[in-house]
Amino acid sequence: WWKINNANAYGENSNPNNGGLLAKEVVQNIFDIPVHYYIRVDFSGFEQMIDTLDGIKIDVETGFTDYQFPTNDYKYQVVSFESGMQTMDGETALDFVRSRHGNNGEGSDFARSQRQQKVIEAVKKRVLSKSFWLSPRKINKLSKDLADHVRTDFQPWEIIQLARMADKIDTSNIETRVLDDSPDGYLYPSLVNEAYVLQPWGDDFSQIQLMVKNIFKNSVAADSPVTTVQSIVKVEIRNGTTIAGLASRNMSELKLAGYRVMQVGNAPVQDYIETEVYKISGRELTDEVNELAAKYKGKVFEKNIPDWIVQMAAPDLDFFIILGQDAEAL
């Protein structure tokens, strides 16, 4: 037994750069659900990313003062927030989400979680705004911030897919549960290795796991439509020319566009003048067909697919791309 928020640090000390993986494993065991990915952002990176975005707009619903906010030298300082809409820089936003001892009902973990969700939503709005994508300086700076201060096991194409999904998420419809030691909570206070911790009732995680498995049971009507997420679009790229590195460059571009590139290699012959794109799967992929047709300045073939492509393509492949010499100029 040890604190769940010690998992990352313990993992780093045991095996550098693997703290996130241990944290994933711990959370999986506690909640009995798969945790597919992790993202770890340090405090400095959090501040820099928000400053790069020229701050974020936050509506502080309840003003509060925290007289026990920690300083870097293990002392206390006072931080205070007035109610109302305001623009926060990185340092202010970090204080806003870290505060644990605010008055006016803002000293609970639940209140802190709500503030953190507000900041995440505000960052999302900034990143998805036109002003951000029209500023190469901001894009380059944010990319550097991420590279220097973020650790994750996401692949680039997976991050792009999540970014596309983010704008469709109804943040007002999020189901929230709090694990605490309240009368109806799932935890009780205890001392472990002379440290104050909260442990699960019954000293196992069965009640917590049951809550997680049924979290949507009473919140979604039986006749509500089920929203399905379009699965990843898989492509294979073959270089049909003698141009070195052509397939690799196209692989990078397609990954950034959100495609999953399953395989890259040479075509049986390297005398293709024009790029040819074949749709292999029977899935409805109208947007992707139009996107690839526009990218490669040609038609996407869905019939009369050459036998050698059918034999070579993986069973779950969506598109098979043979690069021609015209791809060099795209």
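## Starting at Lys 138

Lys 138 touches Thr 52, Asp 54 and Phe 132, leaving aside residues up to four places away in sequence. This is a predicted model, so take everything here as computed from that prediction. Lys 138 belongs to helix H7. Is this lysine buried or exposed? Lys 138 has a relative accessible area of 12%, and with the cut-off for buried set at under 20%, Lys 138 is therefore buried.

For a sense of scale, take Lys 138 and Glu 12: they are 126 residues apart in sequence, and their C-alpha atoms are 31 Å apart in space.

## Helix H3 against helix H7

Two packed helices are described by the angle between their axes and the distance between the axes. For helix H3 (residues 43-52) and helix H7 (residues 136-149), the axes come within 9 Å and cross at roughly 175°. An angle over 145 degrees counts as roughly antiparallel, and H3 and H7 are therefore roughly antiparallel to each other.

Which residues make this contact? On the H3 side they are Ser 44, Gly 45, Gln 48, Met 49 and Thr 52. H7 brings Lys 138, Lys 141, Leu 142, Asp 145, Leu 146 and His 149. By type, the residues of this contact divide into 3 nonpolar, 5 polar and 3 charged. Lys 138 shows up again here on the H7 side, and Thr 52, one of the residues that Lys 138 touches, is on the H3 side.

## Aromatic pairs

How many aromatic pairs does a search of the whole structure find? The count is 7. In the pair of Trp 308 and Phe 320, the ring centres are 5.7 Å apart and the planes are at 85°, so the pair is edge-to-face. Trp 308 is in helix H12 (residues 307-312) and Phe 320 is in strand S13 (residues 319-323), so this pair ties together parts that are 12 residues apart in sequence. As for accessibility, Trp 308 is partly exposed at a relative accessible area of 26%, whereas Phe 320 is buried at 0%.

Elsewhere, ring pairs link Phe 64, Phe 81 and Phe 96 into a cluster.

## Charges over rings

Phe 96 from that cluster also has a charge over its ring: the charged end of Arg 115 sits there, 5.7 Å from the ring centre. Lys 295 and Tyr 296 give another case, with the charged end of Lys 295 over the ring of Tyr 296 and 5.3 Å from its centre.

## Two loop residues with positive phi

Asn 17 isn't a glycine, yet it has a positive phi of about 70°. You'll find Asn 17 in the loop between helix H1 (7-14) and helix H2 (19-31). Asn 17 is exposed, with a relative accessible area of 57%.

Tyr 74 isn't a glycine either, and its phi is positive at about 65°. Tyr 74 is in the loop between strand S3 (64-70) and strand S4 (76-81). With a relative accessibility of 82%, Tyr 74 counts as exposed.

## Lys 234 in strand S9

Now back to a lysine: Lys 234 is part of strand S9 (residues 234-239). What does Lys 234 touch, not counting residues up to four places away in sequence? Its contacts are Arg 260, Met 262, Asp 316, Leu 317, Asp 318 and Phe 319. Lys 234 counts as buried at 19% relative accessibility, since the cut-off for buried is under 20%.

How values were computed. Residues numbered from 1 in each chain as written. Predicted model: local features only at pLDDT ≥ 70, side-chain atom pairs only at ≥ 80, totals over all residues. Heavy atoms only, no water. Axes fitted to C-alpha atoms, helices over the stretch in contact; angles between N-to-C directions. Helix = DSSP H or I, 4+ residues; strand = E, 2+ residues; numbered from the N terminus. Parallel < 35°, antiparallel > 145°, perpendicular 65-115°, else oblique. Contact = heavy atoms within 4.5 Å. Nonpolar A, V, L, I, M, F, W, Y, C, P; charged D, E, K, R; others polar. Phe/Tyr/Trp six-rings, centres within 6.5 Å; stacked < 30°, edge-to-face > 60°. Buried < 20%, exposed > 50% of the residue type's maximum accessible area, 1.4 Å probe, protein only. Lys NZ or Arg CZ within 6 Å of the ring centre and 35° of its normal.
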